[in-house]
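Biologist: Please put the model up, and let us go through it by question and answer.

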Amino acid sequence: MTRVTLIPGDGIGPEIADYTVQVLEAAGADIQWDVQEAGQAVYEATGELIPDPVYQSIEANGLALKGPMTTPIGTGFRSANVALRKKYDLYANLRPVRSLGQVPALFDDLDLVLFRENTEDLYAGVEEKISDDVMHSIKIITRQASERIIRQAFDYAQDHHRRHVTVVTKANIMKLSNGLFLDTARQVAQDYPEIPLKEVLVDNMAMQLVINPKQFDVIVTENLYGDILSDLMAGLIGGLGLVPGANIGDNLAIFEAVHGSAPDIAGQGKANPTAMILSACLLLDHIGQTDCAQKIRQSLDRVLSQKEKLTADLGGPASGSEYCQALCQDLKNNK
């Protein structure tokens, strides 16, 4: 049995975390949960957004599944998510975007995977005040960080028999920083001669994703572009409530829904747990329980093909609890 830190988070986090645990239990996942509290409610009670026991649990287990956490405004905290990624050098942000069931979406049968560098670029937070009227944010791109994320994308493409890898930059303008990322991609691609490398500028990529996303397969890009493009891609299949995320380093991995904590609907039974359930599927893949993960994905496709089972954010009448119950029943019926 694999021990995993579970951080429910706040807002709708505790609800969707509970639904996710129920679904994994119904699917027969071999996991022991180590529940730890963090987020805004903990901050208001203790003055700490992420208490030490949370870090200790993550470091002991090496694996965590995390619900959304609200970053307190005006406290000096950038983001709990960014803090965890930087602390543990979780350099690979994996965001698969796949059409699910019969969910109303702009495109059907879409299956894309985005790899986003997770530790540098403008998100490194290196800023300086030149004067009251001039502020600088420093864009940091290194060959080492670029190579490891690009190699992750090519390894994934190779292991999953994907068609090609697309590298996204703005190297025609930022010739040094983006140029380094692009040059690194070209060098890494030489080690994978059976996997073609495509090169697309980020502004064109945004347009092409909206016009014809099926021309792409595995996408790898820098931190800022990856953040923006992954949200755009989520919109193609029905929204962030359907997109999982994984933050992977050499020795530790944290899996999380990429949407916010939605405090305005917390406790109302409206929360859609799909993104967190799919994030748990990535966790199962990571620890070798791929059969269980695939069972859950197949169940999601079946349940999300029934209009009466869709939650409100997908235009349906079901509550989060009813949707969770439908998934659990489907998994029991299709053992």
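Biologist: How many salt bridges are counted between domain 1 and domain 2?

Modeller: This is a predicted model. The domain assignment puts residues 1–96 + 238–334 in domain 1 and 106–236 in domain 2. Between these two domains the count of salt bridges is 2.

Biologist: How far apart are the closest N and O atoms of the salt bridge between Asp89 and Arg148?

Modeller: A salt bridge requires a side-chain nitrogen of Lys or Arg within 4 Å of a carboxyl oxygen of Asp or Glu. Asp89 and Arg148 form such a pair, and their closest N and O atoms are apart by 2.8 Å.

Biologist: What area do domain 1 and domain 2 bury between them?

Modeller: The C-alpha centres of the two domains lie 25 Å apart. Their contact takes 16 residues from domain 1 and 20 residues from domain 2. Of the area buried between them, 48% is on carbon and sulfur atoms, and the total is about 1600 Å².

Biologist: Which residues of domain 1 lose the most area to domain 2?

Modeller: Three residues together account for 39% of what the domain 1 side buries. They are Tyr91, Asn93 and Arg95.

Biologist: Why does Met207 count as partly exposed?

Modeller: Met207 lies in helix α7, residues 202–211. Partly exposed covers the range between buried, under 20% relative accessible area, and exposed, over 50%. Met207 falls in that range because its relative accessibility is 44%.

Biologist: Which residues form a nonpolar patch on the surface with Met207?

Modeller: The patch has about 280 Å² of accessible area in total.

Technical notes. Residues are numbered from 1 along each chain as its sequence is written. This is a predicted model: local features need pLDDT of at least 70, side-chain atom pairs count only at pLDDT 80 or more; totals for chains, interfaces and linings use all residues. Side-chain values use heavy atoms; hydrogens and water are left out. Patches are made of residues with over 30% relative accessible area and no salt bridge: like charges are joined within 9 Å, nonpolar side chains (Val, Leu, Ile, Met, Phe, Trp, Tyr) within 5 Å. Accessible areas come from the Shrake-Rupley method with a 1.4 Å probe; for residues, only the protein chains shown count as cover. Helices (H or I, at least four residues) and strands (E, at least two) are DSSP runs, numbered from the N terminus. Buried means under 20% relative accessible area, exposed over 50%, partly exposed in between (1.4 Å probe, protein chains only). Domain bounds come from an automatic or database domain assignment. Contact means heavy atoms within 4.5 Å. Buried area is the accessible area (1.4 Å probe) that two parts lose on being put together, summed over both.
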